[in-house]
Amino acid sequence: MEPRGGRSLPPLATICAVLVLLFHGAHCFYLPGVAPEDFVKGDKLKVKVNKLTSTKTQLPYSYYTLPYCRPSKILDSAENLGEVLRGDRIENSPFVFKMREPKMCNIVCRLKLDAKTVKEFKEKIDDEYRVNMILDNLPLVVPRQRLDQESPTVYQLGFHVGLKGQYSGSNEQKYFIHNHLAFTVKFHRDLQTDSARIVGFEVKPLSVKHEYEGKWNDEKTHLTTCDPQAKHTVVNSNSPQEVEEKKEVIFTYDVEFQESDVKWASRWDTYLLMNDDQIHWFSIVNSLMIVLFLSGMVAMIMLRTLYRDISKYNELETQEEAQEETGWKLVHGDVFRPPSNSDLLCVYVGTGVQFFGMTLVTMIFAILGFLSPSNRGGLMTAMLLLWVFMGLFAGYASARLYKMFKGTEWRRPAFRTALMFPGIVSAIFFVLNALIWGQKSSGAVPFGTMFALIFLWFGISVPLVFVGSYIGFRKPAIEDPVKTNKIPRQIPEQAWYMNPAFSILIGGILPFGAVFIELFFILTSIWLNQFYYIFGFLFLVFIILIVTCAEITVVLCYFQLCSEDYLWWWRSYLTSGSSALYLFLYATFYFFTKLEITKFVSGALYFGYMLIASYAFFVLTGTIGFYACFWFTRLIYSSVKID
């Protein structure tokens, strides 16, 4: 879904809005342009059902893959690209309420369990699947009481299909299904018009072995286990509903309405309220300490050491003195020599520019409120579209660097930039999608969506990369501040701590350290089905990541040049890019300590998607480090007199 919004803001107003939102990062507001819906008493409220989800398997399934009660005709709601990729399958349901008209003990349908049905329910209960529903664009939540905090109520998205345990003193493990749903619809009333807006949708799931008098007569049957005349939920049953072959299950629901002081614009606060703001601020402070430490080192290099070096080199008067030069000036004739595999470096830098542009614009849209959680899949759709259109900048950056390296065939790096990274990601994605398809999960991307993704890639992204490359290659080549010698000088033997592998691995620790606390919340939101929309915090962490990558690369690049090693091109990219290795190691640690995934397919999905994320992080951070080092070397070598 493309972001929606109002008029464009003037630059000063935009900057002010961003700054204000950063200080209130934990408080999200509603998406501009989405109009609330007013309901008067008696209006129909149609509940929609969404996918079944489990944090143990990470495989979503359509609601009607289980033999739940069905409406006369199942209708799919229109889904955007992001929703399909997330596995959302939104359909209508037999649950229909009337605004501010409570009803108790409504019979939905009766189901007789056979061996196949019993197996399906037991498998979903074993894997702790939850049922997700939607009313007026609000997801269904189950309130949970917590005794250890002042605010005792927390909310769980969706309700469990059922539960398992022992019953009536038996040692046998039994399965019970949640077949009675006690809904609570919260509304905010307008006293002037007497209309109301829905601000909350809660449920209390119960397992009830219903009993009835006489013969079964569909919805007109009188159940002895609940009172339809009661004003509040009243269910009387001596035993829960067991999942067992040849038993019948009667699905029922209650609905009551509660007036609320919560206004419609604030109704998502319940879902997004974070009780751990202090941890986020700790993350920011931790990252800032790293930045201040690195900034001190850079300042010392730039203001003291480097300034002294430049002054010393520029004061050399005789040729004999010039021949005695040491340190980074000594390699001035080789420092801008094109590296080995320069074409590949151009491709990776171009791809990194594409990622940087996508990330930056997405976060700006997010902190301005254009990517609200009420628009399911909006974030992923926006990222995909921005990635596609940023292909223009990828081609431009790749071609500019390629021409600086004296390249002549601009179509070759353009072709590789357009295809290499998306091709690798697509190959992993197709394998994972085949595994999901084999499990018959709704998370499998259908052929129509796959065709749309291929069209975005080859129909829009690839042409834009070529257009950007053509424009970039027509620009004058970037001139080096010093001439390059024809014969490369020999690099002296390096100390152990200047070994490329060692310095690269050391360089990735600090950028990862700047983001790892926030990374925990991001992984939790992705793999434990929670909302993450605190983009104010995330934007600050992103800025800190940029500064950290740039500074650590500059520091290590200076030390490398001082030791007369001029092969900085690839090392500058790999120094900050190696933080992706630590990200993947942390994801592995998170998998074994926080998740309960035991199935092969679920584990393959986790590591496959985290591999893609780590690869993207490598390209992003590597490009930031490369450009920082590129700017630094040009700056220092253009500041000294070279004979």
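**Helix packing and salt bridges**

Trainee: How do helix 14 and helix 17 sit relative to each other?
Mentor: Helix 14 and helix 17 are oblique to each other (angles under 35 degrees count as roughly parallel, over 145 as roughly antiparallel, 65 to 115 as roughly perpendicular, the rest as oblique). This is a predicted model, where local features need pLDDT of at least 70, side-chain atom pairs need 80 or more, and totals for chains, interfaces and linings use all residues. Residues are numbered from 1 along each chain as its sequence is written, and side-chain values use heavy atoms, leaving out hydrogens and water.

Trainee: What's the angle, and how far apart are the axes?
Mentor: Helix 14 (residues 535-562) packs on helix 17 (residues 600-637) at about 50°, with the axes 8 Å apart. Helices here are DSSP runs (H or I, at least four residues; strands are E, at least two), numbered from the N terminus. Axes are lines fitted to C-alpha atoms over the stretch in contact, with angles from 0 to 180 degrees between N-to-C directions.

Trainee: Which residues make the contact?
Mentor: On helix 14 they include Phe542, Leu545, Cys549 and Tyr558, and on helix 17 Phe617, Leu620, Gly625 and Phe632 are among them (contact: heavy atoms within 4.5 Å).

Trainee: How many of the residues in the contact of helix 14 with helix 17 are nonpolar, polar or charged?
Mentor: That contact has 17 nonpolar residues, four polar and no charged. Ala, Val, Leu, Ile, Met, Phe, Trp, Tyr, Cys and Pro count as nonpolar, Asp, Glu, Lys and Arg as charged, and the others, Gly among them, as polar.

Trainee: Switching topic: how many salt bridges are there?
Mentor: The count is 14, taking a side-chain nitrogen of Lys or Arg within 4 Å of a carboxyl oxygen of Asp or Glu.

Trainee: Okay, what does Asp88 pair with?
Mentor: Asp88 bridges to Lys51, with the closest N and O atoms 2.9 Å apart. Asp88 sits in the loop between helix 2 (81-86) and strand 2 (91-98), while Lys51 is in strand 1 (residues 44-53), 37 residues away. Along with Arg86, they're linked in a salt-bridge network.

Trainee: Is Asp88 buried or exposed?
Mentor: Asp88 is buried, at 1% relative accessible area (buried is under 20%, exposed over 50%, partly exposed in between, with a 1.4 Å probe and protein chains only). Lys51 is buried too, at 10%.

Trainee: And what does Asp343 bridge to?
Mentor: Asp343 pairs with Arg412, closest N and O atoms 2.9 Å apart. Asp343 is in helix 7 (residues 342-367) and Arg412 in helix 10 (residues 411-438), so the bridge ties together parts 69 residues apart in sequence. Asp343 is buried at 16%, whereas Arg412 is partly exposed at 46%.
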